[in-house]
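Here's a quick briefing to read with the model open beside you. Have a look at the fold, then work through the points below.

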Amino acid sequence: MDALAPDSPSIGDAVAGSLAGVDLASPLDAGGFCVHVLRAALHFTGRATSFDAALRPALAFSGPDNYCPVLVGALAGARFGAPEITPEHIAHCRPGVIERCARVADDSEPMWCGEAS
């Protein structure tokens with residue numbers, strides 16, 4: 001954390017503030033700086049009641065070409081589960097991406113379930 005610029009918020013502060021539901025002193029930043037993106041993604045995911053309720057405001061906030069909605073998709077998918085992800089949510093994905101993600105998830109299951117050797 002010491003390598004960050006002195007005026008940059010730490011990742012720990014971003015996570016702690018967002019997960020605690022505390023509004024940090026500075027507003028969310030739609031720029032691409034990794035700490036700001038993570039803080040915004042945690043903000044939208046942490047306050048949502050569904051996958052869609054996390055993703056839609058993230059897209060409206062920063063647009064589809066920002067990493068915030070990408071992280072929100074991953075975090076909200078993990079939080080709310082695959083059944084919450086509708087065909088509308090993944091319609092923009094390039095061919096093969098859905099299959100590749102499903103394969104990675106399936107291959108990773110033993111690691112998450114304690115079955116990895």
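Helices here are DSSP runs of H or I with at least four residues, strands are DSSP runs of E with at least two, and both are numbered from the N terminus. What you're looking at is a predicted model, where local features need pLDDT of at least 70 and side-chain atom pairs count only at pLDDT 80 or more, while totals for chains, interfaces and linings use all residues. Residues are numbered from 1 along each chain as its sequence is written, and side-chain values use heavy atoms, with hydrogens and water left out.

**The overall picture**

- The chain has 6 helices and 0 strands, so if you read along the sequence you get the pattern α-α-α-α-α-α.
- Of the chain's 117 residues, 26% count as buried (buried is under 20% relative accessible area, exposed is over 50%, and partly exposed is in between, using a 1.4 Å probe and protein chains only).
- Take the contacts (heavy atoms within 4.5 Å) between residues at least 6 apart in sequence: 57% of them join residues at least 24 apart.

**How α3 and α4 pack**

- Two packed helices are described by the angle between their axes and the distance between the axes.
- Helix α3 covers residues 51–62 and helix α4 covers residues 67–80; they pack at about 175 degrees with their axes 9 Å apart. The axes are lines fitted to C-alpha atoms, for helices over the stretch in contact, and the angles run from 0 to 180 degrees between N-to-C directions.
- That makes α3 and α4 roughly antiparallel to each other (over 145 degrees is roughly antiparallel, under 35 roughly parallel, 65 to 115 roughly perpendicular, and the rest oblique).
- On the α3 side, the residues that meet α4 are Phe51, Ala54, Leu55, Ala58, Leu59 and Ser62, and their partners in α4 are Cys68, Pro69, Val72, Gly73, Ala76, Gly77 and Phe80.
- Sorted by class, this contact has 10 nonpolar, 3 polar and no charged residues. Nonpolar covers Ala, Val, Leu, Ile, Met, Phe, Trp, Tyr, Cys and Pro; charged covers Asp, Glu, Lys and Arg; the others, Gly among them, are polar.

**The nonpolar core**

- A nonpolar core is a set of buried Ala, Val, Leu, Ile, Met, Phe, Trp, Tyr and Cys residues joined through side-chain atoms within 4.5 Å.
- The largest one has 12 residues: Val37, Ala40, Ala41, Phe44, Ala48, Phe51, Ala54, Leu55, Ala58, Cys68, Val72 and Ala76.
- Helices α2 (34–47), α3 and α4 each supply at least two residues of this core.
- Ala54, in helix α3, counts as buried because its relative accessibility is 0%.
- Leaving aside neighbours within four places in sequence, Ala54 is in contact with Phe44, Thr45, Ala48, Val72 and Ala76.
- Ala54 and Leu42 are 12 residues apart in sequence, and their C-alpha atoms are 9.4 Å apart in space.

- You'll find His89 in helix α5 (residues 87–90).
- Is His89 buried or exposed? His89 is buried, with a relative accessible area of 11%.
- The side chains of His89 and Asp52 make a polar contact at 2.8 Å. That term means a pair of N or O atoms within 3.5 Å; within protein, one must be able to donate a hydrogen and the other to accept it, and residues adjacent in sequence count only if both atoms are side-chain atoms.

**Other spots to check**

- Arg56 sits in helix α3 and counts as partly exposed, at 45% relative accessibility.
- Ser50 is in the loop between α2 and α3, and Ser50 counts as buried at 18% relative accessibility.
- Setting aside residues up to four places away in sequence, Ser50 touches Phe80 and Glu84.
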